[in-house]
Amino acid sequence: MRAPERATRSVGGTIHVTGVSKRYRDRQAGEVLALKDVDLSIHGGEFLALLGPSGCGKTTLLRILAGLEPASTGRVAIDDTVVEEPSERVAFVFQSPVLLPWRTILSNVLLPVEVRGWPVEEWRGRARGLLETTGLGEFVDHYPRQLSGGMRQRAAICRALLTDPQILFMDEPFGALDAMTREAMNEELFRIWRGTGKTVVFVTHDMAEAVRLASRIVVMSSRPGRIVRVVDTGFAPDATYAERIDNVQFLNKLQELRSAFTGLGVRTP
Amino acid sequence: MNRERLREQVQAPTSLEGAKGGAGRHSTLVLGAIPFIVAFGIWDALGWLDLQSLRYVIPTPESVLAALYDDFASGVIWRHVVVTLEELALGLLIAIAAALALGVVIGRSDRLERSFYPIIVFFQAVPKVALAPLWLIAFGFGIGSKVALAAMVGFFPLLVGVIVGMAAMRREEVELMRSLKATPWQIFVKVQLPRAIPSIFGGLEVGALFALIGAVVGEFVGAQAGLGYLIQFRSTRLDLPGIFSPLAVLALIGLVLDLGAKAVGRRLMTWEGE
């Protein structure tokens, strides 16, 4: 059993993806090739964005990495352990917060510990602490419906961070938020990533979001979903969030991504 | 993010709820009472008119109140109230247990649900009270045959409530539990069952009233005690106010059942409509 006081800086969390394809049967379209021959290495502690138009299989890839669904061919390994099912070392943040409405915020955040049969009492302090640092300290006993969308997603992130997983898988976690809340959440996530050194794999279709956050951006195209390009954002390793967004490099990278998508025949705004 | 703004966002919904709980509940009580008063007035007026055709069908309110008073003052009615409540409670318990057990099993599998659906509809369409004489033969003149009928009549709405409730689970909540490596039992208890509660209580509201009807019909067919028996017995003597007195008690039991199920349901589902 892991003690709640465990060191927050993780080591490891390297992901190797080799030759992963995914096909599934669709009632209308017949056999669909959702992913084709994906090879990818994600370094421990890296913030990697999976970027692409909707339907390019980025969410499918993320779910395969997290062990939520199997690949048709190929293999995924985290630190040399083949992924076959969800692991305790990873946490998944979904598009919607998925907080259980009959539980308080605190009790929602404690759910992973409860499910694993660990002593909930011992984790209560850490859960409160996490909620405190994300500005939800006053709302631990509130119910999800009493919170705004941004606050709910923040609670969902606290739930994912509770057991200190090495890897965070995030599936467009801020897609449903308004632009301003979204930027605030970006900054907060960046801070969390900086502070903990976790590996983050982040799915988005927002180019600016990808450039703001990621160290590397994997550009995907659709039908079949495949990796067409990997863009290194190339910011200094210790660049703050403010420095990253207030930078010519930010605009250059955005432009680079834009032309990459134009080259793929995807229209960009 | 700005603390004050957060606070505003949080408090807006709570204050709205407070307003609804306060003045709203009072006016609901008043609104609900008006039709009762009007109906009572019409009933009373019928007595004053003293219509020939109604004299042996509808007793006057005064005579019914007098019969009620007599029944309770002499204590005659208590024995019957207790018997009917006993039949109802036992019948309902059996119905709830059976509906939960069967409904959970059927509701957990899409294939089972589809294969069981026609037979459930079939049995629901059978007028089960028509089986009262059969139950009398099978379970006797005592409380058994009434419990069986109450259970059988109350069972089907409850079963449908449980099955529909099982299907109300949310895919994303199951996904979340899977990502946490939850066992099927944990998924059932922590997300599927809570989502099923509203529908189960919907079934309970109907099922409880149905069970009461089942118990009373059972008593009509053959019994030695119970409010239904009392009505039956007094009707052979053309004791009109005497029939209406246990009827009023039955109506009250039904009302309490309905409000009780609603209140418990509301308590468990404060989160509904999130």
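Predicted model: local features only at pLDDT ≥ 70, side-chain atom pairs only at ≥ 80, totals over all residues.
Side-chain values use heavy atoms, without hydrogens and water, residues are numbered from 1 along each chain as its sequence is written, and chains are lettered from A and ligands numbered from 1 in the order written.

**H8(B) with H9(B)**

- The axes of H8(B) and H9(B), the latter spanning residues 227-235, come within 7 Å and cross at roughly 40°; axes are lines fitted to C-alpha atoms, for helices over the stretch in contact, and angles run from 0 to 180 degrees between N-to-C directions.
- That angle makes H8(B) oblique to H9(B) (under 35 degrees is roughly parallel, over 145 roughly antiparallel, 65 to 115 roughly perpendicular, and the rest oblique).
- H8(B) passes H9(B) in a right-handed crossing, where the near helix is turned clockwise from the far one by less than a right angle.

**H7(B) with H8(B)**

- H7(B), residues 171-179, packs against H8(B), residues 184-221, at an angle of about 160°, with the axes 10 Å apart.
- The two helices are therefore roughly antiparallel, and their crossing is right-handed.
- H7(B) brings B:Glu173, B:Val174, B:Met177 and B:Arg178 to the contact, while H8(B) brings B:Gln186, B:Ile187, B:Lys190, B:Val191 and B:Arg195.
- By class, this contact has 4 nonpolar, 1 polar and 4 charged residues.

**The second largest pocket**

- About 480 Å³ of space lies in this pocket, a pocket being, on a 1 Å grid over the protein atoms alone, an open set of points with protein on both sides within 12 Å along at least five of seven lines.
- Among its 14 lining residues (an atom within 4 Å of a point), the closest to the centre are B:Phe36, B:Phe40, B:Trp43, B:Ala248 and B:Ala251.
- H10(B) gives the most to the lining, with 6 residues.
- By class, the lining has 14 nonpolar, no polar and no charged residues.

**Cavities**

- The count comes to 3 cavities of 30 Å³ or more, a cavity being a set of grid points where a 1.4 Å probe fits but cannot get out.
- The largest cavity holds about 110 Å³ of space, and its lining includes A:Phe92, A:Arg116, A:Arg159, B:Leu176 and B:Leu180.
- By class, the lining of the largest cavity has 8 nonpolar, 2 polar and 2 charged residues.

How values were computed
Helix = DSSP H or I, 4+ residues; strand = E, 2+ residues; numbered from the N terminus. Contact = heavy atoms within 4.5 Å. Nonpolar A, V, L, I, M, F, W, Y, C, P; charged D, E, K, R; others polar. Points joined across faces, edges and corners; volume = space filled by probe spheres on them.
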